[in-house]
Amino acid sequence: PAGAWGIRVSGPFASGTPSDETNLALRAARLLGDRSGHSREAFQIHLHKNIPAAGGFGGGTSDAASVLSLLAGHWPAISSELIGEVANALGSDVPFFLVGGTAHATGRGEHVSPLPALPVHDVVMFIPPRTISNKTAAMFGAIDQHAFDNGGVAAAFAESPPLQFSSAVAFNAFERVAFDLFPWLASLWEELEERIGEPVRLAGAGPCLFWIGPRGQGRRVRDAAVGADCEVVLTRTVPAN
């Protein structure tokens with residue numbers, strides 16, 4: 001809580017993250033305050049960014065979900081229904097991050113059903129040094145020109161979640177248009193797969209790429225990718241509670 005609204009950003013991926021009224025975390029706090037009758041209470045938000053901005057990893061939407069969860073504890077009279085309404089108003093990915101873990105999202109993303117948790121997996125992020133302006137809108141505009149999938153891949157996963165997951169079986173429809181909008185991405189993608197010897201995938205609406213696989217294999221993948229024209233970050237999924 002503070003005397004005036006504001007946001008500051010730090011961390012290894014602070015660059016490119018807005019620190020004004022367009023930031024999704026700040027928008028989340030303001031919108032929840034307006035709809036819950038707490039609009040007179042202001043907050044200062046500090047984001048420490050360990051996720052690249054506009055890379056496809058859901059950094060902004062997870063920030064917004066975190067703010068909603070924090071404010072739900074600060075304003076305990078707020079209903080879960082109102083939190084869900086605000087999440088939906090902010091973006092289709094925000095409801096998923098309110099649930100977290102392994103889950104199946106349907107509709108436009110607002111219906112989120114938890115699934116049995118996967119074991120911890122290693123993840124290697126490949127972060128290119130460039131992107132395009134209005135990236136998400138451009139990607140959706142391009143994919144709208146293609147027939148939409150029937151959701152069969154996600155439905156099959158939800159019906160029988162695997163014990164292990166890998167990049168080889170990951171699916172992302174945005175890959176159909178990624179090379180058209182990011183003309184430099186194909187060469188990076190090919191180089192990474194040649195270095196690693198395994199498939200990599202587009203993260204969300206891109207342009208970042210990722211590898212996911214068994215715990216203990218990520219260091220080998222990271223080391224093999226060092227030297228490619230991207231930042232290489234080794235991390236892992238969050239264990240189930």
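Q: Leaving aside its neighbours within four places in sequence, which residues is Ala53 in contact with?
A: This is a predicted model, where local features need pLDDT of at least 70, side-chain atom pairs count only at pLDDT 80 or more, and totals for chains, interfaces and linings use all residues. Residues are numbered from 1 along each chain as its sequence is written, and side-chain values use heavy atoms, with hydrogens and water left out. Contact means heavy atoms within 4.5 Å. Skipping neighbours within four places in sequence, Ala53 touches Ser15, Gly16 and Thr17.

Q: How far apart are the C-alpha atoms of Ala53 and Gly16?
A: Along the chain, Ala53 and Gly16 are 37 residues apart.

Q: Is Ala53 buried, partly exposed or exposed?
A: Ala53 sits in the loop between strand E2 (44-48) and H2; helices (H or I, at least four residues) and strands (E, at least two) are DSSP runs, numbered from the N terminus. Buried means under 20% relative accessible area, exposed over 50%, and partly exposed in between (1.4 Å probe, protein chains only). Ala53 has 28% relative accessibility, so the label is partly exposed.

Q: What is phi of Ala54 near?
A: Ala54 is also found in the loop between E2 and H2, and is partly exposed with a relative accessible area of 48%. Its phi is positive although Ala54 is a residue other than glycine, with a value near 55°.

Q: Within what arc do the buried residues of H3 fall?
A: In helix H3 (residues 80-90), the buried ones are Leu82, Ile83, Val86, Ala87 and Leu90. They line one face of the helix, because seen down the axis of H3 they fall within an arc (that of the directions from the helix axis to the C-beta atoms) of 140°.

Q: How are H1 and H3 set against each other, parallel, antiparallel, perpendicular or oblique?
A: H1 and H3 pack at about 135°, with their axes 10 Å apart. Axes are lines fitted to C-alpha atoms, for helices over the stretch in contact, and angles run from 0 to 180 degrees between N-to-C directions. Angles under 35 degrees count as roughly parallel, over 145 as roughly antiparallel, 65 to 115 as roughly perpendicular and the rest as oblique. So H1 is, relative to H3, oblique.

Q: Which residues of H8 and H9 make the contact?
A: Helix H8 (residues 185-196) and helix H9 (residues 218-225) pack at about 125°, with axes 8 Å apart, and are therefore oblique. The residues are Leu192, Arg195 and Ile196 of H8 and Arg220, Val221, Ala224 and Ala225 of H9.

Q: Within what arc do the buried residues of H9 fall?
A: Buried in H9 are Gly218, Val221 and Ala225. They line one face of the helix, because seen down its axis they fall within an arc of 65°.

Q: Is the peptide bond from Gly206 to Pro207 cis or trans?
A: Pro207 lies in the loop between strand E6 (201-202) and E7. Omega for the bond from Gly206 to Pro207 is near 5°, and the bond is cis.
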